[in-house]
Structures are given as C-alpha cells and as structure tokens.
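Subject: Structure for you to look over

Hello,

Here is the structure I promised to pass on. Please open it first, then read my notes below.

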Amino acid sequence: MSGTFASSHCSSNSTHYYPAAQEIPKAVYIFACVVSVILSVSSTFGNTMILLALRKCQSLHPPSKALLSSLALTDLFVGLIALPLFIAYYLTIILELPSYYCVVAITYARTSTFIAGVSLETITTIAIDRYLAFHLCLRYRELVTFRRVACILVIEWITAAVWSGIWFWSAAINMWTGVVGLLGFYLITSLCYYSICRGLRRHVAQIRRRVNHSESTTDFDVAQYKKTVNNMLWIYGLLIVCYMPHLTSLVIILVTGLSNSSRFALHFSGIAVFVNSSLNPLLYCWKMKEIKQIVIANINVLRNFARI
C-alpha cells in the first residue's frame, strides 16, 4: 500500500522526489534543521504568550480579538506541528531513510499549506474588517459581531483544509488555485488598506474644515482607528516580505516547470514563511501596548514559578 502511495505521489515530476533531494549537500539540510528548531521553540512560546494575553486584553473589540487569536493560533501550529514535520522531513534525507521520506514529505506539505491558507485568509479578513470599521463607522459594532466573525473563521479553516486536500486529487489544480488565491489575497488586502488610507485623508480634511467653521464632528475615533490600521499594516507588510520568496518559487515552477533547483527553492523558501510565525509575537508586543504589558506580566509569573 505504501509502495502504491509513493508511486502515485512521489514520482520524478513531484516535489517529493527522494533522488533529487539527495543531490543537495547534507550540510544544507542540517543547517535548515538547526534554524527550524530555533524557530519552532520561539514560535511556540511567543504565540502561546500572545494567545494568553489576548484572553485578558480589554481594549480590543471581540471580533478583532477573535481574528488576531485565529492568526496567533495558526502561528502556534507552525511551531507545534509544521516545523517539527519539516525537521522530520529533512531528517529522512540526512539519515537516508527513503522508505519514510515520501509519507513524511507529503504530511508536512499538506499540513503546512493548510496552516498557511488559514493564515492568509485571516489576514485578508482582518483587512476587510478594518475597511468595514471605517466605512460603517457607528454601525460597525452592530453589524460585525463576534458570532458572525467566528462563523467566518470556521468556514475559512474548513476551506483551507479542503484546498490542501485537493492535492491528492490533482497537484496541478492545487498549485494553480494556491497561486491565484495568494495573488487574490494580496490584491484584496492591498485594495482594502489603500481605500482606508484614501478615506482617512478625506475624513481628516473634513474634520479640520468643520473645526475651522465651529461645526460638530462625528463620534468616530480617528486617532484610535489610525493606530489599529497601522498595526495591521505592519502585520500585513511582514507577511508579504516572508511569503514573497515562496510565491516567487511557485510562479517559477508554474512557468518554467519543475527542476531540481526549483524544488530546492520551493522547500527552502518555506523557512522564510516560518520566520513570519516567530516574528509576529514580537510585532504584537511592539505595536500593542496592552498586549506587551500582559505578556511581560505572564513571563514574570513564569520566572517566579521557576524559582520555586
């Protein structure tokens, strides 16, 4: 049965082809494993702290807290599941275990694409949420409720799982839909933030004119909203930087076809994606004061507990 599985999914035209993997020096794989262990520990610890902090955070609107929790949860799964599988995948090459290589490689690939899919969907949903918060103003809290956001997040997790599983039916469809989806997420998120920035400039100008004419202004807190948008833009910008090498590798494979060099680029560009999961907790603490205070308090509790 395992032989049939390997012949079906690990042929020479697949990214999970053991002979091609052997052509890369083992020192490269060892270095990647060392880096991955560090990223796994930092991602697991950092995102656990963020999830605990989000539970206690009072300044965030519940739907926004749910979205950030979903993003932090995917980053936690990177540290707990995706990176250990990535390390196991490379260990099958380092230790020369071809009988385990294909199964571990496919398990890692399907798990990591599922987690990445949820992460991208959540980032896009956050951008749409900020867009609605600006254009709906006072109606935002009435229409964007925790229950509705939670339902959307459940649908996104299921959609990502289905998309990742499509690979077993057709790897080409899975890759093409992944590239199209990735470009679509970038486009929608960029358009949302572009529209927000343009709208904010017009809104600030209107407020200044009303103040000059001694007219009343709206109850919309522009300063607080600009701060939250700025925080989300930093998260989005970091994601673009980390995901761009992987997207570039996918596009090259689709245009030029699969080769040993493109296999190498596709798998190693995944490390850049994993870096995103380790950096996000630092970004949350840097840009969100209350999150930072709660995280520091939790770390101090852990330090005091360790001394006992």
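From the N terminus on, the elements run α-α-α-α-α-α-α-α-α-α-α. That is 11 helices and 0 strands. Helices (H or I, at least four residues) and strands (E, at least two) are DSSP runs, numbered from the N terminus.

Some ground rules. This is a predicted model, where local features need pLDDT of at least 70 and side-chain atom pairs count only at pLDDT 80 or more, while totals for chains, interfaces and linings use all residues. Residues are numbered from 1 along each chain as its sequence is written, and side-chain values use heavy atoms, with hydrogens and water left out.

Confidence
pLDDT is the predictor's confidence in each residue, from 0 to 100. The chain has a mean of 84, and 87% of its residues reach 70 or more. Among the elements, helix H7 (residues 146–165) has the highest mean, 94. Helix H1 (residues 2–9) has the lowest, 51. Where pLDDT is low, the predicted coordinates should not be read in detail.

The chain overall
Of the 308 residues, 46% count as buried. Buried means under 20% relative accessible area, exposed over 50%, partly exposed in between (1.4 Å probe, protein chains only). The accessible surface comes to about 16100 Å². Carbon and sulfur atoms hold 68% of that surface. Areas come from the Shrake-Rupley method with a 1.4 Å probe; for residues, only the protein chains shown count as cover. Contact means heavy atoms within 4.5 Å. Among contacts with a separation of 6 or more, 81% join residues 24 or more positions apart.

The cores
A nonpolar core is a set of buried Ala, Val, Leu, Ile, Met, Phe, Trp, Tyr and Cys residues joined through side-chain atoms within 4.5 Å. The largest one has 52 residues. Ile50, Leu68, Tyr193, Ile235, Tyr243, Tyr284 and Ile291 touch the most other members. Helices that each supply at least two residues of this core include H3 (26–56), H4 (62–94), H8 (171–212) and H10 (260–287). H9 gives the largest share, 12 residues. Ile50 touches Ala72, Pro281, Tyr284, Cys285, Ile291 and Val295, not counting residues up to four places away in sequence. Apart from this core lies another, of 28 residues, among them Ile87, Tyr90, Tyr108 and Ile271.

Helix H11
H11 has 19 residues. Its first and last C-alpha atoms are 27 Å apart, close to the 27 Å expected at 1.5 Å a residue. The expected span is 1.5 Å times one less than the number of residues. Which residues of H11 are buried? They are Ile291, Ile294, Val295 and Asn298. Seen down the axis, the buried residues of H11 fall within an arc of 100 degrees, so they line one face of the helix. The arc is that of the directions from the helix axis to the C-beta atoms. This buried set packs against H3 and H10. On the other side of H11, Lys289 and Arg307 are exposed.

Two residues to look at
Thr74 sits in helix H4. Its relative accessibility is 1%, so Thr74 counts as buried. Thr74 touches Ile115, Val118, Ser119 and Trp157, not counting residues up to four places away in sequence. Tyr194 sits in helix H8. Tyr194 is exposed, with a relative accessible area of 51%. Tyr194 and Tyr131 are 63 residues apart in sequence and 9.6 Å apart in space, C-alpha to C-alpha.

Best wishes
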